[in-house]
Amino acid sequence: MGKEFWKSACPHDCPSGCSLEVERLSSTRIGRVRGAAANTYTDGVICAKVARYAERVHHPDRLRQPLQRIGEKGAGEFRPISWEAALDEVAEAFLRSTQVHGSEAVWPYHSGGTMGVVQRWGIDRLRHAFGYSRQHSTICMTPAEAGWLAGVGKLTGTDPREMAQSDLIVVWGGNPVSTQVNAMSHIAKARKQRGAKLVVIDVYRTPTVEAADIGLVLRPGSDGALALAMMHVLFKEGLADRDYLARHTDFDADVEAHLADKTPQWAAALTGLSEAEIVDFARLYGRTQRSFLRLGFGFTRSRNGSSAMHAVSCLPAVTGAWKYPGGGAFFISWDIWQLDLTLAHGLDLLNPATRVLDQSRIGPVLCGDRDALAGGPPVTAMLMQNANSADVAPDSTTVARGLSRQDLFLCVHEQFMTATAKYADILLPAAMFLEYDDIYYGYGHTHLTVGPRVLDRHEECRTNHELICQLARRLGANHPSFEMSAVDLLDATLRASGKGTWEEATHRGWIDCAPSFESAHFLNGFPSNDGRFRFKPDWPSVGPYHAGMTALPVHRENVEQAKPEAPFRLVVPPARSFLNTTFAETPGSIAREGGPRALIHPADAERLGIADGACVRLGNDRGEVRLNARLVDTAKSGVVIVEGNWPGHAFLDGKGINVLIGSDPVPPKGGAAFHDTAVWMRLD
Ligand SMILES: Nc1nc2c(c(=O)[nH]1)N[C@H]1C(S)=C(S)[C@@H](COP(=O)(O)OP(=O)(O)OC[C@H]3O[C@@H](n4cnc5c(=O)[nH]c(N)nc54)[C@H](O)[C@@H]3O)O[C@H]1N2
Ligand SMILES: Nc1nc2c(c(=O)[nH]1)N[C@H]1C(S)=C(S)[C@@H](COP(=O)(O)OP(=O)(O)OC[C@H]3O[C@@H](n4cnc5c(=O)[nH]c(N)nc54)[C@H](O)[C@@H]3O)O[C@H]1N2
Ligand code: SF4
Ligand SMILES: [Mo]
């Protein structure tokens, strides 16, 4: 490595979790950013948007000083204020809320702006030290996680590097070309070296579908039906591994009988695939020992998403693919780290009786919905770090109403003037990852990645950790973690976890936490109560919203069905050049994405008299948005795709796409059904 490249790690909420090398031009300036070649997962590959990070870290619009609101909430009018005065304001507001309504009226809120062990979750120390409301972080992985836990039992699986040894890779409901590019380089190895086949299952022709040998484009929310029909074929054609089923799963005659009528014909009607497509895919899967399921989040962002994940996760248990190198399945590796987070996350301060609020339901919470408030007091003070809820949370009209409340004190710690930042009473400038130290969870692989500071802090920016410590001290906290630097905390965490020291970690750049082959393939048993994969999940033990869920692999019809007054199904997947709303401010990303577009099937457009480029309205009971149409035969007729979490102001009447999305929790554990929405559409 050239002298001028410094080791770092990408902090963003992306399963690739890349180890980086950053060209440091001076203590305040970077040049190129590239992937670390020596990290066996990153393998020298990163996405274009982070390769251009100089655009973001040196962006002229970065927040540079603390601000106090002078205009209406949401208007974005502020005046400068000193850090000392700003911290006093926040501390006073937290004390006032606590006096009037009790400590649960304060809600420290975080999301995935940075995924750092200290810089993201350090806010939990503040929360636990003062008994503030807790947060169930559901916005991203909960529906998928619940479905995976229901069968497998723990968030771990086949090492994704093993994809290079597979003969068949199935990317199910994910778009790695756009959302986790490294997965594609491991897939490419298997294709090149072994002639492996790639099957991709999505609801439109993403770049990943385009790259596949077989692309299956189905109706949104119908993946459970496809998985069940595949199992039907596997049993009917003798492609199930009965010995494996008996030894490692709870499979029995009830499950087999349940599958008897889940025929390809039945699934074809639900998925929109042909019977031949379903049968051919089932045979290919059943006849390949080294078959690897790479499961994405996308197909689980529906009201039946946890059930769908469970049904799909049954497939390698039917064929016994888990037994073979390059075989099995992988969603994420969230449960492999074995870090002792007592000090870094203040777990010794946690009072389990404190109420828990659902991150995805920030709208209903702030608007006083009794269920959402879990029977407790209203939320009257918030600190938000790493989050842009005004644009990313579901049901954004309700979110905006909540954030506008005159009796809510809101402190936002941000890097840019986001939609959420505009609602702040106090807006504090946040440092970027290149300006702080942390360790990150590479949850799409097996490494903890290490990101030591590369640059001095921009202007008056402070790190999340500094803000939390300074605020906690003002409020009178007494916990050693508030006196420690981020490096001290990381060093103590690594030592307590038996993973060496911070210095050793920075020297290497990552810590590989991969479980053994036997453990990753569950050869000595699944991490469930009885050591078996569960075809018959105990849904009540997975989450509270289990009403109507059956202890079998099923396809549920509980999606937002198209209906005469809302005949189209809307899917809102990520854009390649953004990361949620991050990078929506960088010129390179904006230029590549153009603007928000409704991708409409030509047959639907013709019926509605919509021409390419025309302005259309999409709407439902929750609201309306206006944007330009692009006519393209990419999804099934009746399905509209709007890529990218664009800020509201990029739309023609200032309202972003999440106005249309419901905030009801996905069964059984919660989360938002981003890709499960019925809408009407008309020419504007
Ligand atoms: N460039 C970029 N990268 C990102 C992000 C980003 O915004 N931009 N976001 C990051 C984050 S936070 C996450 S969680 C991950 C998400 O990464 P992914 O695992 O890729 O998940 P999603 O982005 O939700 O959706 C992926 C695909 O699922 C498809 N899909 C939607 N509904 C269905 C369905 O019912 N069935 C099937 N089979 N497919 C369906 C969508 O069309 C989309 O192509 O990506 C991360 N990486
Ligand atoms: N329409 C639609 N909506 C979606 C999704 C979708 O697919 N479609 N996906 C959903 C998913 S999977 C997710 S995970 C959520 C993501 O939602 P969020 O986690 O809120 O993600 P971002 O929109 O990227 O906002 C993160 C913010 O954190 C800030 N930030 C970054 N680093 C730091 C830091 O070190 N300190 C501080 N204080 N701030 C920092 C960034 O500037 C950015 O504004 O969005 C969800 N919303
Ligand atoms: S956003 Fe994802 S692909 Fe891009 S550098 Fe970060 S971890 Fe890697
Ligand atoms: Mo996410």
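Mentor: Start with the buried residues of helix α5: T142, P143, A144, E145, A146, G147, W148, L149, A150 and G151. Buried means under 20% relative accessible area, exposed means over 50%, and partly exposed lies in between, using a 1.4 Å probe and protein chains only. Helix α5 runs over residues 142–151 and is mostly covered, with ten of its ten residues buried. Helices (H or I, at least four residues) and strands (E, at least two) are DSSP runs, numbered from the N terminus.

Keep in mind that this is a predicted model: local features need pLDDT of at least 70, side-chain atom pairs count only at pLDDT 80 or more, and totals for chains, interfaces and linings use all residues. Residues are numbered from 1 along each chain as its sequence is written, chains are lettered from A and ligands numbered from 1 in the order in which they are written, and side-chain values use heavy atoms, with hydrogens and water left out.

What do the buried residues of α5 pack against? Their partners are β7 (134–136), β11, α14, β12 and α23 (539–542). Contact here means heavy atoms within 4.5 Å. Just after the helix comes G153, with a positive phi of about 110 degrees.

R303 sits in the loop between β11 and α14. Its side chain meets that of D676 in a salt bridge, 3.2 Å from N to O. D676 lies in the loop between β24 (639–641) and β25 (677–683), while R303 is flanked by β11 (291–295) and α14 (305–313), so the pair ties together parts 373 residues apart in sequence. A salt bridge is a side-chain nitrogen of Lys or Arg within 4 Å of a carboxyl oxygen of Asp or Glu. D676 and R303 are both buried.

D676 has another partner. R569 forms a salt bridge with D676, and their closest N and O atoms are 2.7 Å apart. R569 is buried, as is D676. Through shared partners, salt bridges join R303, E560, R569, R622, D664 and D676 into one network.

The loop between β24 and β25 also holds P668. A cis peptide bond joins P667 to P668, with omega about 0 degrees.

Q338 lies in the loop between β12 (328–330) and β13 (356–358). Q338 is not a glycine, yet its phi is positive, about 55 degrees. Q338 is exposed, at 65% relative accessible area. Compare D395. D395 also has a positive phi of about 55 degrees without being a glycine. D395 sits in the loop between α17 (389–392) and α18 (396–403). But D395 is buried, with a relative accessible area of 14%.

Now a glycine. G509 is in the loop between α21 (502–508) and β19 (510–512). At 3% relative accessibility, G509 counts as buried. Leaving out residues up to four places away in sequence, G509 touches K7, S19, T449 and V450. G451 is 58 residues from G509 along the chain, and their C-alpha atoms are 7.3 Å apart.

Finally, step back to the whole chain. It has 25 helices and 25 strands. Its radius of gyration is 24 Å, close to the 26 Å that the globule rule gives for 684 residues, so it is as compact as a globular protein of that length. That radius is taken over C-alpha atoms, and the rule is 2.2 Å times the number of residues to the power 0.38. The C-alpha trace spans about 70 × 60 × 50 Å along its principal axes. How much of the chain is buried? Buried residues make up 64% of the 684. Among contacts with a separation of 6 or more, 75% are between residues 24 or more positions apart. The salt bridges of the chain number 37.
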